[in-house]
Amino acid sequence: MIGGLFIYNHKGEVLISRVYRDDIGRNAVDAFRVNVIHARQQVRSPVTNIARTSFFHVKRSNIWLAAVTKQNVNAAMVFEFLYKMCDVMTAYFGKISEENIKNNFVLIYELLDEILDFGYPQNSETGALKTFITQQGIKSQTKEEQSQITSQVTGQIGWRREGIKYRRNELFLDVLESVNLLMSPQGQVLSAHVSGRVVMKSYLSGMPECKFGMNDKIVIDKQGKGGTTDDTVKSGKQSIAIDDCTFHQCVRLSKFDSERSISFIPPDGEYELMRYRTTKDIILPFRVIPLVREVGRTKLEVKVVIKSNFKPSLLAQKIEVRIPTPLNTSGVQVICMKGKAKYKASENAIVWKIKRMAGMKESQISAEIELLPTNDKKKWARPPISMNFEVPFAPSGLKVRYLKVFEPKLNYSDHDVIKWVRYIGRSGIYETRC
Amino acid sequence: MPAVSKGDGMRGLAVFISDIRNCKSKEAEIKRINKELANIRSKFKGDKALDGYSKKKYVCKLLFIFLLGHDIDFGHMEAVNLLSSNKYTEKQIGYLFISVLVNSNSELIRLINNAIKNDLSSRNPTFMCLALHCIANVGSREMAEAFAGEIPRILVAGDTMDSVKQSAALCLLRLYKTSPDLVLMGEWTSRVVHLLNDQHMGVVTAAISLITCLSQKNPDEFKTCVSLAVSRLSRIVSSASTDLQDYTYYFVPAPWLSCKLLRLLQCYPPPEDGAVKGRLVECLETILNKAQEPPKSKKVQHSNAKNAILFEAISLIIHYDSEPNLLVRACNQLGQFLQHRETNLRYLALESMCTLASSEFSHEAVKTHIETVINALKTERDVSVRQRAADLLYAMCDRSNAKQIVAEMLSYLETADYSIREEMVLKVAILAEKYAVDYSWYVDTILNLIRIAGDYVSEEVWYRVIQIVINRDDVQGYAAKTVFEALQAPACHENMVKVGGYILGEFGNLIAGDPRSSPLVQFNLLHSKFHLCSVPTRALLLSAYIKFINLFPETKSTIQEVLRSDSQIRNSDVELQQRAVEYLKLSSIASTDVLATVLEEMPPFPERESSILAKLKKKKGPGAVSVNELEEGKREGELNGGGERGDNSGISASNASTPSPSADLLGLRTVPPVSAAAPSAGSLLVDVFSEAGVNDDGFLRDMEPPTESSDSLLAEGSGDSDSAPPSAVSEDPAPPLPESNELLNKFVCKNNGVLFENQLLQIGIKSEYRQNLGRMYLFYGNKTSVQFVTFTTTVTCPGELQSQLNVQTKIVEPLIEGGAQVQQVINIECLTDFLDAPLLNIKFRYGGALQNLTLKLPVTINKFFQPTEMASHDFFQRWKQLSQPQQEAQKIFKANHAMDTEVLKAKLLGLGMALLENVDPNPENFVCAGVIQTKAQQVGSLLRLEPNAQAQMYRLTLRSSKDTVSQRLCELLAEQF
């Protein structure tokens with residue numbers, strides 16, 4: 001189990017130090033700083049073993065979070081906890097920064113006491129935590145309130161308290177996907193996958209029972225078997241194959257295993273309902289066509305064409321193409337038809353930004369790169385051209401089919417709930433070799 | 001540095017550096033650097049030429065970026081350009097960049113060398129210094145090639161400035177260290193030596209470093225420096241503290257120069273010239289006197305400088321080792337330091353005293369400090385100082401104080417630091433052995449040692465104690481008693497159990513008279529430790545048990561019971577199991593006589609260098625002993641160890657069947673498995689043999705199945721020797737061994753193998769024949785650990801063989817070291833056909849006894865066969881031609897071996913004739929043809945072999961143009977099938 005938890009700033013100074021077990025001494029703090037933060041070579045492994053002590057770390061901007069243990073713990077569990085811890089802190093005071101951590105250190109210690117007990121992770125649901133760990137001054141709670149909190153935290157549904165009331169029952173559903181791609185210069189897909197999340201914001205009264213449906217292949221096929229064959233053919237085209245998925249703790253897994261239906265009592269506020277990954281039939285929103293020509297030893301000509309590959313009615317946003325330049329670049333001239341392009345010496349790349357671009361369009365940039373002859377015989381490694389964008393659809397093809405809400409005790413029905421659904425596809429690592 | 005002119009501040013660089021310092025993260029830093037690099041690249045690329053200042057600035061930035069750990073792959077050209085600038089700062093930055101970033105890029109090196117050359121020939125001393133520093137900093141071979149001739153000239157030129165001379169001397173030293181072959185002093189030598197007389201102390205200091213280094217290589221050429229150095233030294237020593245002004249350091253005149261002078265003198269023997277020597281002794285006395293004076297300053301620098309000179313002087317005195325007076329004074333001075341409160345001084349004093357102790361003049365003087373040193377060993381806080389104290393105690397030990405020192409070291413061992421324990425143990429063991437007056441004290445000491453620091457007692461130590469106990473009759477009883485008492489402790493170390501098991505097994509009878517240590521009590525005591533021990537120890541204990549059976553027949557039933565128990569006889573460890581089974585059988589089958597012979601008391605070990613000493617030397621590293629000496633000692637140990645294993649085979653009963661490494665009680669298990677330098681005897685012989693096995697594998701396996709592995713070889717050897725010991729002790733050649741005819745037959749169809757083997761000697765053979773000539777290699781392997789002396793071999797051709805065979809032998813060396821192997825070449829020429837085989841007589845002395853044995857050399861007529869291929873038709877025509885009755889020889893005989901066609905074929909081929917296929921109408925039969933080549937004539941021979949599988953009989957027919965040949969061949973071959 002986790003023996004201790006430390007938070008460092010970028011200089012390696014300790015901001016938060018909480019030791020849960022005796023086998024972790026104060027010197028562990030220094031060991032991590034010396035061997036990881038200040039290591040001569042950048043440490044890329046998230047798990048470091050120093051003197052039979054394991055350090056698991058995640059980095060949020062300039063802040064290092066490290067969990068320490070001497071035991072053989074489940075590393076996935078530790079990382080899940082660290083991520084959760086980041087979420088909780090974000091929910092309480094916004095961005096994780098040195099400033100914020102310093103300002104809220106009492107709160108953080110309070111949180112750490114609650115979500116980790118003798119190194120065992122406890123309830124880390126923000127909604128539940130917020131009922132008894134508050135940033136307001138000490139507000140003495142009544143006996144009933146206290147007992148209510150106790151019964152809720154220790155009860156079966158620890159993530160939702162009873163007696164929530166809203167005038168308007170509203171529900172926001174976001175499908176957020178990031179699409180990753182590696183393509184050869186000839187346009188052959190070398191690897192591609194989409195990792196997606198379904199994030200929900202619910203403002204519902206009472207203890208509603210929800211049911212979520214999407215075009216998962218297995219579910220559709222199952223239903224198709226029961227229904228007409230015609231139906232199967234029609235829906236089979238649109239269904240997607242999900243490689244693996246994980247759910248929020250509120251989802252009844254037994255029901256999912258038996259019926260493949262996702263039913264749950266949602267927490268109040270924002271949470272992540274599920275996470276999934278697909279690798280088949282991905283819609284690649286952009287195609288990058290690079291053309292690099294070396295003209296002698298001191299000149300390089302680069303031409304890059306990007307083509308958008310989705311419905312013309314949709315608009316992609318925040319498009320950014322990053323064309324790496326050789327390390328001995330001494331000057332760059334860029335011409336582009338659309339957007340703005342600039343040579344950024346500090347990043348060794350030409351960055352081309354386009355604000356908006358409709359589907360089925362094409363745009364082009366050409367650059368002349370002047371090189372300084374060096375006495376280094378190493379050839380330029382030609383790193384891939386990468387791209388960033390945001391599109392208003394799900395590249396995996398996922399569709400939300402329904403989200404039903406039942407609240408038997410209160411007098412509102414599924415139709416009274418206002419539901420909002422939004423799809424956002426972003427680029428993950430979207431690269432084309434040149 | 002010349003005054004910084006306006007604008008030399010390089011604001012851009014300062015801004016850049018402060019930007020980098022302000023970066024919050026590594027990423028930010030990399031970004032800033034990338035930006036700067038791009039900027040510099042565009043500046044260097046730019047069309048308009050850069051002025052010197054900005055060039056310097058950018059090169060400086062590049063240098064800074066490089067020092068931060070980033071790769072720089074451009075800017076070299078700009079740096080080289082800076083070299084030709086006239087401004088000091090620009091030149092300086094250029095040289096700096098090149099010394100830091102130069103890589104052996106040919107074109108650039110040429111440019112750089114050019115620039116350096118220009119600077120060297122300029123009259124500007126600062127530029128010359130810069131160039132010299134650059135050469136020294138780079139110090140590459142190319143630099144040495146280009147400037148090794150130039151620099152000595154600058155060094156000795158009369159008009160060179162002093163500062164340049166200093167730089168030149170140090171630069172030359174650096175070049176000499178990297179490529180000594182290129183720096184040839186030759187003509188400059190005497191002028192360089194005379195730099196010692198230079199007015200400027202800095203030049204002298206620099207020159208003396210160079211001279212020290214050079215004189216280590218060619219001491220004779222620089223011999224003249226001794227008198228110069230002495231006079232220089234005496235001038236410094238006798239000067240008042242204010243005379244040397246700049247070179248006086250905290251009231252000590254020129255301490256660095258003095259140290260270097262003293263160190264230079266240590267490269268040479270004491271000066272022969274009386275006047276010089278007198279002056280030097282005077283200097284040394286003055287230095288020693290000065291040490292007694294009250295310090296002129298309380299500052300630590302003052303005493304450090306003074307002591308530095310003093311210690312150098314003392315090591316010079318020790319180096320000369322010829323002035324008893326000075327040595328004793330030095331010793332007394334060091335004695336004072338032993339109690340100094342400065343730890344470093346105590347350490348240095350102990351270290352110097354160690355070397356002093358080995359001098360005959362000062363040994364007694366060192367001994368007077370024994371109490372102080374013992375005290376240091378006990379109370380010193382720093383482990384390295386304690387280590388030195390232990391070293392010194394070891395060095396000052398002699399017969400008079402051995403008991404005290406060993407006792408002190410033993411008592412210290414209980415609290416000693418873990419890192420030095422093993423070394424301490426070795427030292428105690430060596431001292432105890434070296435200075436032991438009575439051996440009971442020695443045994444006590446070593447047993448104490450094992451009790452106190454059992455884990456650190458290496459194998460060698462307890463091997464040694466056993467060797468000594470076995471070789472000394474007077475101490476055996478005492479040893480047995482002491483060991484018995486020591487074993488009664490509830491928890492004793494495994495090494496103690498090993499020693500106990502061995503000694504009680506050998507000499508338990510000496511204390512069996514006492515009812516308190518009756519045989520059964522002894523056995524029960526040993527057996528109570530059995531289960532707590534590791535496998536090798538248990539194996540040793542089992543051997544001890546079987547020896548008990550011999551010593552005390554009354555314990556037989558008890559011990560047999562133990563051996564019979566499942567935990568022994570069915571032990572999962574094969575060694576233990578085998579021992580148990582063998583010992584059980586041995587004890588139940590063998591008569592008491594046999595038991596007494598097999599389990600006789602160990603014979604004394606041959607005296608040899610203590611293996612412990614070798615181990616200590618090894619631990620100390622080659623610094624303490626010359627590598628050669630060490631290796632020699634080691635090899636000797638190995639050979640002896642390897643040999644002894646064979647020697648003891650009769651005693652350690654299990655050896656008779658398997659000489660496994662854990663079986664040998666004294667064989668050094670640390671010996672690497674047959675190193676190339678010192679192979680053990682057995683393995684080489686086996687090598688020869690296995691090669692033979694490859695050549696005619698089918699044969700080997702069929703004809704002599706038991707000679708496949710080394711183990712069984714040994715077994716066979718020892719078995720043979722029991723029945724027929726080669727003990728004909730006379731000066732005349734012994735008659736051929738009875739089995740030599742058999743041995744001869746073994747080699748009719750093969751050329752390589754083991755000719756003979758007994759307990760002492762193994763003879764391997766390898767031979768090759770062409771036409772009427774043959775060459776035979778004999779390998780004599782000494783299987784024992786003792787050398788064979790007056791080893792002679794003679795080959796004789798009895799009777800008429802003399803005229804038939806011409807045999808030439810090369811003389812072998814008369815000495816074969818234990819475990820070694822020698823080779824002898826014999827050339828044979830066949831003059832005409834012959835019947836008998838030449839005799840090989842071997843004589844040597846083994847441990848005083850003359851060994852004499854005679855063997856038949858496996859030279860038979862068929863060795864000179866030349867195969868002849870012929871068709872069926874030809875064959876029968878020849879066959880008919882040789883139809884006279886005396887030309888034919890026929891024999892019908894029973895098969896001795898299985899009738900395998902392939903084996904038969906292989907044998908016939910080995911005979912040397914051509915095996916003719918598809919000639920005989922009956923495919924079962926074999927026919928062969930060949931011509932025997934002798935010098936006088938050629939004898940054609942035909943052979944026909946008809947096997948009868950049903951009757952297991954053969955009919956062999958031979959026809960040849962000469963009747964004697966047919967007869968002889970027939971006789972030879974009849975034995976083969």
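**Notebook: charges and patches in chains A and B**

I began with Glu408(B), which is buried at a relative accessible area of 19%. Buried here means under 20% relative accessible area, exposed means over 50%, and partly exposed is in between (1.4 Å probe, protein chains only). The model is predicted; local features need pLDDT of at least 70, side-chain atom pairs count only at pLDDT 80 or more, and totals for chains, interfaces and linings use all residues. Residues are numbered from 1 along each chain as its sequence is written, chains are lettered from A and ligands numbered from 1 in the order in which they are written, and side-chain values use heavy atoms, with hydrogens and water left out.

**Salt bridges**

I looked up the partner of Glu408(B). Glu408(B) forms a salt bridge with Lys378(B), and their closest N and O atoms are 2.9 Å apart. Glu408(B) sits in helix α22 (residues 402-413) and Lys378(B) in helix α20 (residues 370-379), both of chain B, so the pair ties together parts 30 residues apart in sequence. Lys378(B) is partly exposed at 47% relative accessibility. My cut-off for a salt bridge is a side-chain nitrogen of Lys or Arg within 4 Å of a carboxyl oxygen of Asp or Glu. Helices (H or I, at least four residues) and strands (E, at least two) are DSSP runs, numbered from the N terminus.

I then took the total: 49 salt bridges over all chains.

Next came Arg263(B), which forms a salt bridge with Glu312(B); the closest N and O atoms are 2.8 Å apart. Arg263(B) lies in helix α14 (residues 255-265) of chain B and Glu312(B) in helix α16 (residues 300-320) of chain B, so this pair joins parts 49 residues apart in sequence. Arg263(B) is partly exposed at 47%. Glu312(B) is buried at 12%.

I also checked Glu323(B), which forms a salt bridge with Lys277(B), with closest N and O atoms 3.5 Å apart. Glu323(B) is in the loop between α16 and α17 (324-338) of chain B and Lys277(B) is in helix α15 (residues 274-292) of chain B, so parts 46 residues apart in sequence are tied together. Glu323(B) is partly exposed at 22%, and Lys277(B) is partly exposed at 25%.

A network of salt bridges links Glu320(A), Arg322(A), Glu347(A) and Lys31(B).

What does the side chain of Arg41(B) reach at 2.4 Å? I found the backbone oxygen of Thr329(A). Arg41(B) is placed in helix α2 (residues 26-45) of chain B. Arg41(B) is buried and has no salt bridge; Asp73(B), the nearest side chain of opposite charge, is 5.9 Å away. Lys and Arg count as positive, Asp and Glu as negative; His and the chain ends are not counted.

**Surface patches**

I noted a negative surface patch of Asp473(B), Asp474(B), Glu600(B) and Glu601(B). Patch residues have over 30% relative accessible area and no salt bridge; like charges are joined within 9 Å, nonpolar side chains (Val, Leu, Ile, Met, Phe, Trp, Tyr) within 5 Å. Glu600(B) is in the loop between α33 (592-598) and α34 (611-620) of chain B. Glu600(B) is partly exposed at 47%.

Leu67(B), Leu96(B) and Val100(B) make a nonpolar surface patch of about 260 Å². Val100(B) lies in helix α5 (residues 88-101) of chain B, and is partly exposed at 35%.

**A buried valine**

I ended on Val483(B), in helix α26 (residues 473-487) of chain B. Val483(B) is buried at 0%. Its C-alpha atom is 8.9 Å from that of Val497(B), 14 residues apart along the chain.

How values were computed:
Areas by Shrake-Rupley, 256 points an atom, 1.4 Å probe, with all protein chains shown as cover. Charge placed at Lys NZ, Arg CZ, Asp CG, Glu CD. Polar contact = N/O pair within 3.5 Å; in protein donor to acceptor, adjacent residues only side chain to side chain.
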